Amino acid sequence: FTLVWGAAKDASIPQLVEGEALQSANSLGLAASYGTLPLAGLVYAGLAALASTSLFSNLTTNTNYLAIWFDALTYLVSALVVLRLPLRSHRSSEEKHKLDWTQTYREAREGLHFIRTHRLVRSVFIGLGGGMIGGGAMIPLGQLYATDVLGDSKLFGVLETALGVGATIGVVSLLILQKWLPREPVFALSLITTGGAIIGAACFSLPTAVMVLIAVVGAAAGTAYVTGFTLLQENTEEELRGRTFAAVYTVVRLCLFLALASAPLVAGLSRKIVKIFVQDGTVTIFDVDYQLAGSRLALWIGGAITLTS
């Protein structure tokens, strides 16, 4: 249902805003989706504490219930807001009530055909997928890298914070400078910067340097996400927009799943290959010992995929 909602949301935004406001809307949407995570943590902590009081004594077996009910309520409120939006459908009333079991297949085929034949849309499609593979690999590998290379697993939380701060800076900067920035070059440059920063972060063992480069990853990735979706909205006809975004969301989720599942395997395989040639996994470069950890090599590969996508 999240896939259906995401595709419908991004396909509907051009009906509500247009022109330069389109990229602003996408930036604010990204901020609303991920910038509210710290606030959600505070709300959860408050509701968990409230559930432990005598007012909710029947919830003592599970204090999470109150937070889950509040979460469900936010979905209902959001649904009521969306129902009031002036969204139009390109289908006729007869088509809306006609049951056609082959319609989904035809629409998916038409959407994929449009993506294949439209150069810009195809490029954005590939870029978002490749970017998700490289960026997604940081999730399972971040903890390993903090432990194996930086020497402290607690630094993983610091790196996550740096990623979020960088994404916020990127989105805010894009909101301010969007009038003077051409979208296509910005999207390509953002992907290149994301991949290069991932590779660069994996090269260092100094926590401060890694933290700065991870912030660059967040800023560039946030910019690429907003700019890519804006390009898709601007260059896709209304009749094909829903099915195009459905295909994009599906591929992005599949690429994320691929990154989450394969990154630890690539790291483990890389570590075994390195030990064949270097017993302790450490090489000496200009009298400096350099550790070829599996997580470092896997991040290089993920960054290279993003860089070349």
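Select helix H1 (residues 2–16) together with H11 in this predicted model. On the H1 side, the contact residues are Thr2, Leu3, Gly6, Ala7, Lys9, Asp10, Ala11, Pro14 and Gln15. Facing them from H11 are Glu238, Arg241, Gly242, Phe245, Ala246, Tyr249, Thr250 and Arg253. Color this contact by class: seven residues are nonpolar, five polar and five charged.

Now look at the geometry of the pair. The axes of H1 and H11 lie 8 Å apart, at an angle of about 140 degrees. H1 and H11 are therefore oblique to each other. The crossing of H1 past H11 is right-handed.

H11 passes H12 in a right-handed crossing. Show side chains for Ala263, Val266, Ala267, Ser270, Arg271 and Val274 of H11. Across from them, pick Gly294, Ser295, Leu297, Ala298 and Ile301 of H12. By class, this H11–H12 contact has seven nonpolar residues, three polar and one charged.

Next stop: the cysteines. Select cysteine 255, which is buried, with a relative accessible area of 13%. Then move to cysteine 203, which is partly exposed at 29%. How many disulfides does the count come to? Zero, taking a disulfide as a pair of cysteine sulfur atoms within 2.5 Å.

Conventions:
Residues numbered from 1 in each chain as written. Predicted model: local features only at pLDDT ≥ 70, side-chain atom pairs only at ≥ 80, totals over all residues. Heavy atoms only, no water. Left-handed = near helix turned anticlockwise from the far one by under 90°. Helix = DSSP H or I, 4+ residues; strand = E, 2+ residues; numbered from the N terminus. Contact = heavy atoms within 4.5 Å. Nonpolar A, V, L, I, M, F, W, Y, C, P; charged D, E, K, R; others polar. Buried < 20%, exposed > 50% of the residue type's maximum accessible area, 1.4 Å probe, protein only. Axes fitted to C-alpha atoms, helices over the stretch in contact; angles between N-to-C directions. Parallel < 35°, antiparallel > 145°, perpendicular 65-115°, else oblique.
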